[in-house]
Structures are given as C-alpha cells and as structure tokens.
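Me: I would like to go through the salt bridges of this protein one at a time, with the criteria stated as we go.

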Amino acid sequence: MAKKKRKIRATFRKNRETRVRESDFTQRFAQDEEQTENVHQSERISGKGDLTRKRTVVAGDDDGDEFNLQIDETGCLKGRVLSVRGLHSTVHADDGRRFECATRRLLKTLETDMRHVVATGDRVVFRPIDDNSGIILKTEPRHGTISRTSRGRQHVIVTNVDLFVIVTSAAEPYLKPHLIDRFLVTAEKVGIAPLICINKIDLIDPAALQPLVGAFRQIGYETLLTSTVTGQGIPRLRQRLHGMESAVVGQSGVGKSSLLNRIDSDLDIRVRSVSVDSQKGRHTTTNATLWPLEGGGYLVDTPGIRQFELWDVIPEEIAGFFPDLRPFVSACRYADCTHTHEEECAVKDAVADDLLNARRYESYCHMFAGDAI
Ligand code: GDP
Ligand code: ZN
C-alpha cells in the first residue's frame, strides 16, 4: 500500500551551523552524514535565517510516527535500540551483534512535538561503520509507546512494547485488586495488551482467588497464577514472554525479580551488574533499557520511573478504559453521566442486575474520585 506523503516543516537547530562539542565518536561519522544528506533531492532549503533555517522534507505519513526519508539501504542492518544515552544508542542488530550508534544528523534535526527521534525500543535501519559502531539512518513506525509528559512535551520512555505484565502477589504483600485495575487502565490507555500475573500462589488456597480471576478472564484479561517456589505457571509465563517486548510492573516485594530469574537465569545477574555500576556513577542514566531474553524477545527495565508516574488519566476518560463498563455508558440518561451519583445511570443499573462486577465498579468510583491506592 502506498504511503501518503506529507510535508514536515523541520526547524534546524543552531548546532547545525556551529558544531559545539563533538566526541571523536561523532566526528568519525561526520563525513558519512554529509554524504547521506546530499542524496536527498526531495529536500528544499526554503529559509535563510541566521539562527534557524527551515527545510521542507517529504516524509511518509504514519500518524506522524515515521520519517520515511528515502535512503539507500544497501549494506545497512536492522536492529532494536536497547538504550539511548544522549545522541548515542546501543543497537541490537537482528544478527545478534551490538553496535554503538550515532544518529544521522538529518534525523536529529527533524524536530516536531510529536516524537523524539530515537527512543529505547525503536526499530532502526543503520549503517555499520565497523564491527561495533554505526549510524542510525531511519526509525520504523512505532506502536505500544509508554511516555510521560513533561513541560508540555511528550517524553518517550520506551516504544514497541507488546505486553504489559502486571505482577501482583496473592499474599505478602496482600493482594490489591484495585491496583491491578489501575494498571489495567494504564495498559488500555497506552494500547498495550495486559497480562495479569498473580504470584506467590503457594501462600494461599488458589480456590479463594477464583471469583477475582474469573471476573478478569471474563473481561478478556489473561490472568496467570504463578509461584517461584513451586514453579506453577512459570512455563506458561516464559512462553508468553517469548518473542515479545514486555514491560513488567508491580509493587516491590511481589516477586518480579524472582520471576524474571526463573524465566531467564542470567537476566537478573546482568541487570544487577548494571545497577551496581550506576551506584559507582559509571552509568548516570535513568532511561529505559531493553534486555534481550535467552529465548528471544526483550524485557523492558525502567529504572528511575516510579510505577505511578505513568498515571496521567483524567477522570472523564476512565470509563472508556474499562471495557466491561463501556458498553453501558451510551444508555445513561445524561450524556455527561459520571456513573457515580446520577439518576437513571445504565452503569449503576448494570451493577444492580449483576451484569457488571461490583468490585470493578467500585474500583472505577475510587479512580474517578482520585482516591489514593
Ligand atoms: P520484587 O521486589 O518484585 O522484585 O520481588 P522479589 O523477587 O525481590 O521477591 C520478594 C520476596 O518474595 C523475596 O523474599 C522472594 O524470595 C519472595 N518470593 C518471590 N516469589 C515468591 C513466590 O512465588 N512464593 C513465595 N512464597 N515467595 C516468593
Ligand atoms: Zn451513568
């Protein structure tokens, strides 16, 4: 299918003219970048200001998510961005090798409010310079983006996430179904499939969880019961993570590290060695990192990002992120019904008629009221 072409006004930063401080690393790419840019006949310089110049660039349109500049892909490789530090990214090539990559200058200077040029999780096309360095020429369209807004700008934490693994524990700490509901709303908002994992199932009688688990499954939310002590549910979890990019969330102490260690015995050690480094100040980044899994796929690690920072849902949006509540909304008497105190509310009727789970409805009311967890 032919991609719709779109023109983007790109503001060129001042650093295009004056190269302020560049490491040896970027200097090595400078020549290559110039050559790459000269290839683009579709770019027209149309502004002549001293400080900023504007250029119209023809780009592919994918909800503004792709800058499909025509590039010569001969000799290029594809890969995933494991982490980003400033202008440099570590890329895991599809052939398994790792490359430290700079970003082609034209990509860097395409400045829009919609996106950052290269983010952790991006699928990229890059040109190798030698066995362990290269230059990113293009990023592929994104899906499953977890971002946060700071000072009106969207900051992408990680992209191309396929699975949002919500880990909770049956006991120690005690089960918090409302917290699961909150994470489910986050998953719905960002459009990433959630997987509920209730760990430490060895500590309780699983039959006690049946009503809760049954209700989640009825909505269509996949729910696994696991134990790192008995091994229950671990093969299934491993199978679900295989080949996916998974973000694992949950309170501390529920057993996330223990679970990941059971999935891939090396992973925990690798993650830990990096955090030891960061205490020594060698890694100052708090950005997200992807960890390749033994059997294929990646785990997303987001240090420095507290789980609730992802919560930026406004009360009026919440009903839309409850797939079980949503079907009733249109039958309420008032178009702006909040489903809390109104008369002739189809949502409240559904709870009374047992068509909507009362516990889920309560969760909705707490979230709507902005209650702390
Ligand atoms: P995290 O903070 O979510 O990464 O949790 P940890 O993996 O550090 O686990 C917290 C504690 O729970 C540790 O003492 C683990 O040994 C324990 N734990 C983890 N999984 C299980 C489980 O399935 N059953 C039981 N009984 N304890 C577990
Ligand atoms: Zn209503």
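Me: Which residue forms a salt bridge with E245?
Reply: In this predicted model, a salt bridge is counted when a side-chain nitrogen of Lys or Arg lies within 4 Å of a carboxyl oxygen of Asp or Glu, and for E245 the closest N and O atoms of the pair are 1.9 Å apart. E245 sits in strand β14 (residues 245-249) and its partner in strand β4 (residues 77-85), 165 residues apart, where strands are DSSP runs of E of at least two residues and helices runs of H or I of at least four, numbered from the N terminus. The partner is R80.

Me: Are R142 and D122, which meet in a salt bridge, buried or exposed?
Reply: Their N to O distance is 2.7 Å, and the pair links the loop between β8 (133-139) and β9 (146-150) with the loop between α2 (105-109) and β7 (123-128). Taking buried as under 20% relative accessible area, exposed as over 50% and partly exposed as in between, with a 1.4 Å probe and protein chains only, both R142 and D122 are buried.

Me: Which residues are joined into one network with R360 and D181?
Reply: R360 in helix α11 (residues 358-369) and D181 in helix α3 (residues 177-190) are 179 residues apart, yet they form a salt bridge with the closest N and O atoms at 2.7 Å. Through salt bridges that share partners, the network also takes in D324 and R359.

Me: How many salt bridges does a search of the whole structure find?
Reply: Local features need pLDDT of at least 70, side-chain atom pairs count only at pLDDT 80 or more, and totals for chains, interfaces and linings use all residues. Side-chain values use heavy atoms, with hydrogens and water left out, and residues are numbered from 1 along each chain. On this basis the number of salt bridges found is 13.

Terms used. Chains are lettered from A and ligands numbered from 1 in the order in which they are written.
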